Amino acid sequence: RWGADAERLGATFFETTTALALDHFATAEVDVAVVEVGLGGRLDATNVIDPRVAVVTSIALDHTEWLGNSIEEIATEKGGIFKDGRPAVIGERNPEIAGLLRHIAQSHDARPIVSARERGAITDVRVTKEGTAFVLDGVTRRVMHTPLLGAHQAENAVTALVALDVAGFAPWPEGHQQFSVPPVTLPGRFQWLGRRIFDVAHNPMGAEALADTIAAVSPTRPLAALLSVLGDKDWRAIMAALARVVDEVILTVAPSAPSERLWNLDDALTFARTLPWRVSAESSFDAALSRADSMAATLLITGSFHTVGDAMARLQVNPLAG
């Protein structure tokens with residue numbers, strides 16, 4: 001039935017799967033659904049939802065062919081999820097961009113409008129194999145911890161706690177001198193399983209965060225990366241970020257990547273050779289994965305959701321495992 005309806009309506013794959021997900025949530029009578037935008041926000045299929053709270057985390061230049069070539073244009077698209085009379089939470093900590101998002105939220109008559117910056121400054125961030133600890137200097141100075149790895153997870157944790165508070169699901173941990181986020185996993189985001197690290201970083205900002213996290217936790221060397229990036233991404237900047245922490249990289253093409261978005265492996269190899277790592281290319285994903293897995297003490301699999309998903313399927317890794 002769904003296939004026939006999608007074809008009749010001319011619905012895209014994402015529109016169809018979004019409808020399927022929302023139907024499933026309704027049928028299962030879930031208490032709370034956290035729904036992430038697919039692309040942008042204003043015109044995204046998920047924007048049919050009337051949310052308990054709308055959250056915009058941070059803004060970076062990505063999907064510029066669809067969202068615009070400036071932070072202001074992208075912020076306008078992302079801020080399109082703010083709704084009249086519904087709370088808006090702003091996770092962005094850059095004062096100028098946060099101010100822009102507040103202006104956009106006001107133009108949508110969102111209320112209240114709450115910025116995570118108002119809860120305090122994040123300092124003393126420490127990333128270990130056990131998670132990320134940091135200090136939140138606000139009205140009360142408190143030491144906080146999240147089990148997710150990466151300095152950026154400090155901002156994410158504060159934003160999530162603010163959203164839960166504003167939505168009325170869990171009060172802000174007022175008065176606590178120490179607070180730990182309950183156990184949580186994030187599949188494909190610095191997901192460290194055995195000697196393999198899976199990370200879906202697919203833009204320069206994500207790659208920089210990934211490289212910083214690798215540097216902080218010092219995995220066993222040599223560290224090899226299996227890398228496949230979509231051709232419409234800034235793969236040069238992604239490589240430049242990763243090259244400062246990766247010993248050897250094997251470039252390949254993820255089988256599930258759309259044919260019209262494949263990167264040119266020869267061009268990628270030519271550029272990769274200008275960076276300070278050992279590099280090779282293998283068009284066969286299975287062969288590249290096998291070689292990378294056999295050569296590395298620690299294997300990083302990254303570059304896109306396609307790369308991570310295809311690798312997990314072949315390695316029989318459950319994305320929900322730890």
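Which residues form a nonpolar patch on the surface? In this predicted model, the patch is made of Val32, Val34, Leu164 and Phe169.

**View 1. The nonpolar surface patch around Val32.** Together, Val32, Val34, Leu164 and Phe169 have about 390 Å² of accessible area. Val32 is placed in the loop between α2 (13-28) and β1 (54-56). With a relative accessible area of 46%, Val32 is partly exposed.

**View 2. Helix α2 and the residue that follows it.** The end C-alpha atoms of α2 are 22 Å apart, in agreement with the 22 Å that its 16 residues should span at 1.5 Å a residue. Glu29 comes after the helix and has a positive phi, near 55°.

**View 3. The salt bridge between Glu118 and Arg102.** The two side chains meet with an N to O distance of 2.7 Å. The pair links distant parts of the chain, 16 residues apart: Glu118 belongs to the loop between β3 (113-115) and β4 (121-128), whereas Arg102 belongs to helix α5 (residues 95-107). Arg102 has a relative accessible area of 25% and is therefore partly exposed. A search of the whole structure finds 17 salt bridges.

**View 4. The salt-bridge network of Asp124, Asp137 and Arg141.** Within this view, Asp124 forms a salt bridge with Arg141, and their closest N and O atoms are 3.4 Å apart. Because Asp124 lies in strand β4 and Arg141 in strand β6 (residues 141-146), the pair ties together parts that are 17 residues apart in sequence. Side chains of opposite charge can pair when their charged atoms come close.

**View 5. The salt bridge between Asp232 and Arg261.** Here the N to O distance is 2.8 Å. The partners are 29 residues apart and link distant parts of the chain, with Asp232 in the loop between β10 (223-227) and α8 (235-243) and Arg261 in the loop between β11 (248-251) and α9 (265-272). Asp232 counts as partly exposed at 34% relative accessibility, as does Arg261 at 25%.

**View 6. The largest nonpolar core.** This core has 34 residues, and those with the most contacts inside it are Met239, Leu242, Leu251, Trp263, Trp277 and Leu300. At least two residues of the core are supplied by each of α7 (204-217), β10, α8, β11 and α9. Helix α8 gives the largest share, six residues. Leaving aside residues up to four places away in sequence, Leu242 touches Ala207, Leu210, Leu227, Trp277, Leu300 and Thr302. A second, separate core has 19 residues, including Ala224, Ile250, Ala288 and Val317. In soluble globular proteins, nonpolar side chains tend to be buried together.

**View 7. Ala287 in helix α10.** The helix comprises residues 285-295. Ala287 counts as partly exposed, at 34% relative accessibility. From C-alpha to C-alpha, Ala287 and Val158 are 42 Å apart in space, and they are 129 residues apart in sequence.

Technical notes: Residues are numbered from 1 along each chain as its sequence is written. This is a predicted model: local features need pLDDT of at least 70, side-chain atom pairs count only at pLDDT 80 or more; totals for chains, interfaces and linings use all residues. Side-chain values use heavy atoms; hydrogens and water are left out. Patches are made of residues with over 30% relative accessible area and no salt bridge: like charges are joined within 9 Å, nonpolar side chains (Val, Leu, Ile, Met, Phe, Trp, Tyr) within 5 Å. Accessible areas come from the Shrake-Rupley method with a 1.4 Å probe; for residues, only the protein chains shown count as cover. A salt bridge is a side-chain nitrogen of Lys or Arg within 4 Å of a carboxyl oxygen of Asp or Glu. Helices (H or I, at least four residues) and strands (E, at least two) are DSSP runs, numbered from the N terminus. Buried means under 20% relative accessible area, exposed over 50%, partly exposed in between (1.4 Å probe, protein chains only). A nonpolar core is a set of buried Ala, Val, Leu, Ile, Met, Phe, Trp, Tyr and Cys residues joined through side-chain atoms within 4.5 Å. Contact means heavy atoms within 4.5 Å. The expected span of a helix is 1.5 Å times one less than its number of residues.
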